[in-house]
Amino acid sequence: ESPEDTRPANQQRLLACAADATPAEQTREVLRRFATRAYRRPATSDEVERLAGLAESAIQGGQSWEAGVQLAMQAVLCSPKFLFRAELDERPDNPDVRPLDEYQLASRLSYFLWSSMPDEALSELAAKNQLRANLDAQVSRMLQDPKSEALVENFALQWLQLKRLDSFAPDPQRFPQFSNRLRAAMLEETKRFFASVMREDRSIVELLDADYTFLNERLARHYGIVDTHGTRAGQKPVRPGGQPIRGDDFVRVALADDERGGLLTQASVLTVSSNPTRTSPVKRGRWVLEQILGTPPPPAPPNVPLLPEGEQAELTGSLRQRFEQHRSNPVCANCHARMDPIGFAFENYDAVGAFRTKDGAFDIDPSGQLPDGRSFQSWAELKQILKEQKDLFARCLGEKMLIYALGRGLEHYDQPAVDRIVAGLQSDNYRFSTLVREIARSDPFQKRRG
């Protein structure tokens, strides 16, 4: 026995309508539902009538009812109202600040966290004018949904500038261990780590330093780690019971020392902030100032010579010594005083993030002093200093995520909102969900002008 309706399930769902209605009523029922979903708000009567007229003109031309509806659906999918996130405004010339309607808020929230259109739960709350009243609960639900992986792919990788990893090509003579599979593993570690902070609702400060990470066999070998308790190759386990890391599958690894932990010592970040032939203390220092502290240095002055490279240059001293010669130029000294100490703290990691104690024939000195007088002896001590500046980090991350959520740069009048985001984080142990909730509650996110 064949089923009564042999149409594909998608077609049945798209064309579902009251069986006892007239064809004209069925057309309008189907197109109203479809356009409402596509436009992410209730379709107006005028919009539905225009679409129905298009379908009926095709039917009058001899085509089937299904073909007429299909033509109208094509028109919906070609409309700017579907292709763009248009927030229609009945008072476009009114400069007064006013709240978004709940459908617009649902769309902003969904594209912020999922990079996609609102689901039925958001749309139903918007239809009942209940989304604002349930905003915190919806944020929590959306962060736990698998679709929040879009926040990792589209925000985290943009914030950390890791898209550049795809095109990074280290010198194969100097770094023969680097491969496309290692490149992919580096990126996957960072994505899984950021996702764990998000889904487990951890403190954003753990992004700077944590006691765990995610590794597969290839990346674990690159790091010199052999089991899930962070045991070093050739060393006795600090803690018994660790499982060997085998194959391409990623596992959570508890770190046994401070050599790794947090974004700053992950191979992905260390690699994109290097040169193809060597590390770059300037790039690494600038990356921390820009992406972690939100205090970027000014652009380099014109006509400043590049640092000499190659074997002949190395004869004049270590990389640190060559940089000291370079910044003897007063024009360069001010900016380098901010960037170089931070960058040199991570010199124990080569241009593809592998740990080392020597750079060629020279011992590595990761110590430094910041312009404010604070000094450190290693990357671990620098990470502690950065963690002490968690409010500066919270402001930087809050600004960058607010820019992402709004799809525009921040203006001076957005700063009170940023202040409230930071205050909210301070009052709730800097939890990741609090960052997202405070952005979703903020005036720039919830309101608009004409």
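Buried means under 20% relative accessible area, exposed means over 50%, and partly exposed is in between, with a 1.4 Å probe and protein chains only. This is a predicted model, so local features need pLDDT of at least 70 and side-chain atom pairs count only at pLDDT 80 or more, while totals for chains, interfaces and linings use all residues. Residues are numbered from 1 along each chain as its sequence is written, and side-chain values use heavy atoms, with hydrogens and water left out.

**View A. Tyr 349 pairs with Phe 355, edge-to-face.** Phe 355 comes out as partly exposed because its relative accessibility is 31%. Tyr 349, at 0%, counts as buried. Rings of Phe, Tyr and Trp (its six-membered ring) pair if their centres lie within 6.5 Å; planes under 30 degrees apart count as stacked, over 60 as edge-to-face and the rest as tilted. Here the centres sit 5.5 Å apart and the planes are at 80°.

**View B. Phe 155 and Trp 159 share helix α9.** Helices (H or I, at least four residues) and strands (E, at least two) are DSSP runs, numbered from the N terminus. The structure holds 13 aromatic pairs. In this one, the ring centres are 6.0 Å apart with planes at 10°, so the pair is stacked. Phe 155 and Trp 159 also belong to one aromatic cluster, along with Phe 112, Phe 194, Phe 393, Tyr 404, Phe 432 and Phe 445.

**View C. Helix α2 packs against helix α3.** The angle between α2 (residues 23-39) and α3 (residues 45-60) is about 125°, and their axes are 9 Å apart. Axes are lines fitted to C-alpha atoms, for helices over the stretch in contact, and angles run from 0 to 180 degrees between N-to-C directions. Contact means heavy atoms within 4.5 Å. Residues making the contact include Ala 24, Leu 31 and Tyr 39 of α2 and Val 48, Leu 51 and Ala 55 of α3.

**View D. Pro 297 sits in a loop.** The loop runs between α13 (281-292) and α14 (311-314). Pro 297 counts as buried, at 5% relative accessibility. Leaving aside neighbours within four places in sequence, Pro 297 touches Arg 286, Leu 289, Glu 290, Arg 338 and Met 339. Gly 285 is 12 residues away from Pro 297 in sequence and 9.7 Å away in space, C-alpha to C-alpha.
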